[in-house]
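Let's take a friendly walk around a ligand site and then look at the backbone beside it. Please have your viewer ready.

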Amino acid sequence: MEKRINWGIIGTGWIAGKMAEALAGVEGATLAAVASRTQEKANGFARMHRVGTAYGSYEEIAVDPAIDVVYVATPHPLHCENTLLCLRSGKAVLCEKPFAMNEMEVVQMISAAREHGVFLMEAFWTRFLPSIDRVLELVASGVLGDVRHINSDFGAITRFDPDHRAFNKKLGGGSLLDIGIYPVFLTLLLWGEPDLIAGVPHIGPTGVDESLALVFKYDDGRIATLFSSFTVNSTVETHICGTKGRVKLNRMWFCPVPLELTIGDKPSQTIQFDYAGNGYNYEAEEVSRCLRSGRKESDLLPLDFSLRLIRLLDRIRKETGLVYEADERGNVRR
Ligand SMILES: NC(=O)c1ccc[n+]([C@@H]2O[C@H](COP(=O)([O-])OP(=O)(O)OC[C@H]3O[C@@H](n4cnc5c(N)ncnc54)[C@H](OP(=O)(O)O)[C@@H]3O)[C@@H](O)[C@H]2O)c1
């Protein structure tokens, strides 16, 4: 019989709830503990999601011998600190995106995972959706011809609240790190690092990029146009266009959705998938597979990819003048 994987979650916010729902449907997975900054919130989350143990501090879950892997679901500036806490106690970690605030933090996390010989992965759930594998296959197969253009958009209207993590700079606010990271991730996955980056942010009253338009240019002429926004009701589609055809990842493209394939002037063909769960189950299943086979990182989303992703985000931030506290203090969180 396969070993059960006992999960713990740090943080009790929106995404923690989604992961709790997903884990309930993952074979061989038990959500065994949750940790919050307050005992009351931990108890409430545990009641709602039927979690056995509720901790009123993050430190306690990191040393719980019953837990195999901790899912870090706190705001971005805490990812490094919370991940290091667990890794240093020998716990495997699945940490939300962005993996951390900048390259320096991610390097620390990867070094700690290697030093302590434990599993670490960025919770970039989209990478594990069947639609993304199909896109990679379509591009590699040549049916689209030479793929020359990517147009990827992620707008998510978010009610303005200066204290909400989307707008609060101290909590890592801004569209790039929260949602713009998805178009950047996909372009990096398909094409690697661009030769040139141009970007224009719209900075809102709290000093964060409420919207950001990016162009990636490659020396061979390929161009990606990427957009993220908290204020625009945009298409939230991705179009990958070649010399012979194109594939569209339908609205909410980063979620489990169908694809539309168009070759030449022929009518589009819909590619459906037999999705299960709410989508977060796919990344959890990858973690289970890795832990059961003793792997310290995922082949599908290796640590080197997460390092390249954060470097690219740092480069974009440099181009567009987006700076956070973590950068200013040279950022070593311990
Ligand atoms: N993969 C996805 O689809 C997806 C979707 C949404 C968000 N995310 C990522 O997940 C992370 C959390 O996002 P979320 O939307 O779940 O945020 P959220 O609803 O605000 O929850 C964050 C949780 O972190 C904990 N926390 C610790 N220190 C905090 C602080 N200073 N301020 C606020 N909360 C603090 C809180 O839990 P306690 O008080 O219980 O400790 C809080 O409930 C972000 O990094 C985001 O990028 C990913």
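A backbone N or O atom of Lys97 lies 2.8 Å from an oxygen atom of the ligand. This and two side-chain pairs are tabulated as polar contacts, meaning pairs of N or O atoms within 3.5 Å.

| Residue | Protein atom | Distance to a ligand oxygen atom |
|---|---|---|
| Lys97 | backbone N or O | 2.8 Å |
| Trp125 | side-chain N or O | 3.2 Å |
| Tyr182 | polar side-chain atom | 3.3 Å |

On its own the ligand has 890 Å² of accessible area, and the protein covers 84% of that (Shrake-Rupley method, 1.4 Å probe).

The model is predicted: local features need pLDDT of at least 70 and side-chain atom pairs pLDDT 80 or more, while totals for chains, interfaces and linings use all residues. Residues are numbered from 1 along each chain as its sequence is written, and side-chain values use heavy atoms, without hydrogens or water.

Around the ligand are 23 residues, each with a heavy atom within 4 Å of it. The closest are Thr12, Ser36, Lys41, Tyr58 and Tyr280. Helix H1 (14–23) and helix H7 (175–191) each supply at least two residues of this shell; helices here are DSSP runs (H or I) of at least four residues, and strands (E) of at least two. Because domain 1 (5–126 + 279–301) and domain 2 (130–271) both give residues to the shell, the ligand lies between them; the bounds come from an automatic or database domain assignment.

Now for the backbone. Most residues other than glycine have a negative phi, and most peptide bonds are trans. The bond from Lys97 to Pro98, however, is cis, with omega near -15°. Pro98 is in the loop between strand E5 (92–96) and helix H5 (103–116). Arg50, in the loop between helix H2 (39–49) and strand E3 (53–55), has a positive phi near 55°.

Methods: A polar contact is a pair of N or O atoms within 3.5 Å; within protein, one must be able to donate a hydrogen and the other to accept it, and residues adjacent in sequence count only if both atoms are side-chain atoms.
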